[in-house]
Amino acid sequence: MAVHRFSVIQGGAPDQEPGRWTTEIVRPSEIGEADIAGWRALLARAAEASVLADPDVLLTLAQHCARGQLLRLLLVRQGSEGGRILRGVLPLRVPGGLWPRGATHPWSLPLIGTCAPVIEAARAGAVLRAVLDDLAADDRRIETLRLAGLAPAGPLAAALAEAAAGAGRRLSLRPREDRSAPPRLSPDPLPRAPTSLERVREPHHVRDAVERFLALDASGPGACLLDDPPVATAFRVVVRRFAHRREACIDLVRRDGAVIAAAIHLGPPGRDRVWRRAGLSLAGAQSPPQPGLTLEAELSLTRAGRREPVARPIAPTALRAR
């Protein structure tokens with residue numbers, strides 16, 4: 001895979017500096033530790049992101065649950081050779097085959113659904129312009145960029161519309177229902193009765209707590225995580241990696257010694273979110289969140305009035321990825 005360089009002009013905005021930008025498309029298994037650390041740091045600066053965009057989630061699921069998809073990561077960096085900063089990470093499925101041509105799509109994976117891009121809020125416009133110039137190159141043979149999981153009236157949708165208009169490319173934004181990994185609960189609420197809550201945080205106890213969760217999940221009606229061994233394996237690995245970072249906890253609710261309800265939390269204390277639930281719903285507890293609306297973007301990489309992809313204004317360098 002080639003590393004492409006661009007000179008991104010910020011439209012004269014005084015608060016955003018021009019700089020040397022590079023883009024690179026890599027396989028999930030090729031991303032290095034420095035970029036993983038940069039990705040995790042980028043989440044704190046991202047325009048729109050959740051804990052499920054963490055590399056410990058996406059890279060684990062890509063390893064175990066790709067299921068034949070050609071999964072790639074488009075990395076956007078800014079800076080010199082000695083100090084490049086990761087400004088954007090786009091999980092994309094690319095066209096394949098001997099003569100690849102067509103559309104890129106966002107990753108769609110078990111447990112999390114469609115993967116949204118992770119783009120720095122303060123430089124969203126510059127990142128998206130670099131992405132569009134890279135993907136529109138003739139050697140990429142990509143005609144359409146599709147993204148999903150964008151917040152309606154959010155900063156990424158606005159930046160994408162501005163970048164498309166500035167480059168003369170057609171953009172459509174459509175609402176879609178977000179059905180990513182809804183909690184799985186028994187329809188019968190737990191009657192008010194004496195129960196105990198155990199909150200498991202210590203990494204060496206999390207492994208056993210995950211198995212209790214999976215057993216409870218399997219005892220309910222319908223499909224369960226253990227029905228799909230690769231998904232169950234990925235689930236275990238994700239929770240274990242977050243626990244190692246002290247960013248996972250498991251709530252186990254017991255009655256008469258038996259676990260009757262459980263929840264998996266991911267994220268730093270105070271900013272964690274419930275990822276999965278199993279067992280009975282607690283009486284008086286908050287109802288599971290309903291699927292929300294997000295935007296799906298489809299952007300033509302062909303300028304209006306032309307049929308062929310737009311040539312990149314600056315040719316790629318001879319630098320090659322590993």
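This is a predicted model: local features need pLDDT of at least 70, side-chain atom pairs count only at pLDDT 80 or more; totals for chains, interfaces and linings use all residues.
Biologist: Let's start with rings. How many aromatic pairs does the structure hold?

Modeller: Two. In one of them, the ring centres of Phe213 and Phe235 are 5.6 Å apart and the planes are at 25 degrees, so that pair is stacked.

Biologist: Where do Phe213 and Phe235 sit in the chain?

Modeller: Phe213 is in helix 5 (residues 203–219) and Phe235 is in helix 6 (residues 229–244). They're 22 residues apart, so to speak a link between distant parts of the chain.

Biologist: Buried or exposed, those two?

Modeller: Phe213 and Phe235 are both buried. Ring pairs also bring in Trp275, giving a cluster with Phe213 and Phe235.

Biologist: OK, charges now. What sits over the ring of Phe242?

Modeller: That's the charged end of Arg245, 4.5 Å from the ring centre. Arg245 also belongs to a network of salt bridges with Arg40, Asp54, Asp56 and Glu247.

Biologist: And how many salt bridges does the structure hold?

Modeller: There are 20. One of them joins Arg199 and Asp251, with the closest N and O atoms 2.6 Å apart. Arg199 is in strand 12 (residues 196–200) and Asp251 in strand 13 (residues 248–255), 52 residues apart.

Biologist: What about Arg123 and Glu120?

Modeller: Their side chains meet in a salt bridge at 2.8 Å, N to O, and both residues are buried.

Methods
Residues are numbered from 1 along each chain as its sequence is written. Side-chain values use heavy atoms; hydrogens and water are left out. Rings of Phe, Tyr and Trp (its six-membered ring) pair if their centres lie within 6.5 Å; planes under 30 degrees apart count as stacked, over 60 as edge-to-face and the rest as tilted. Helices (H or I, at least four residues) and strands (E, at least two) are DSSP runs, numbered from the N terminus. Buried means under 20% relative accessible area, exposed over 50%, partly exposed in between (1.4 Å probe, protein chains only). A charge sits over a ring if NZ of Lys or CZ of Arg is within 6 Å of the ring centre and within 35 degrees of the ring normal. A salt bridge is a side-chain nitrogen of Lys or Arg within 4 Å of a carboxyl oxygen of Asp or Glu.
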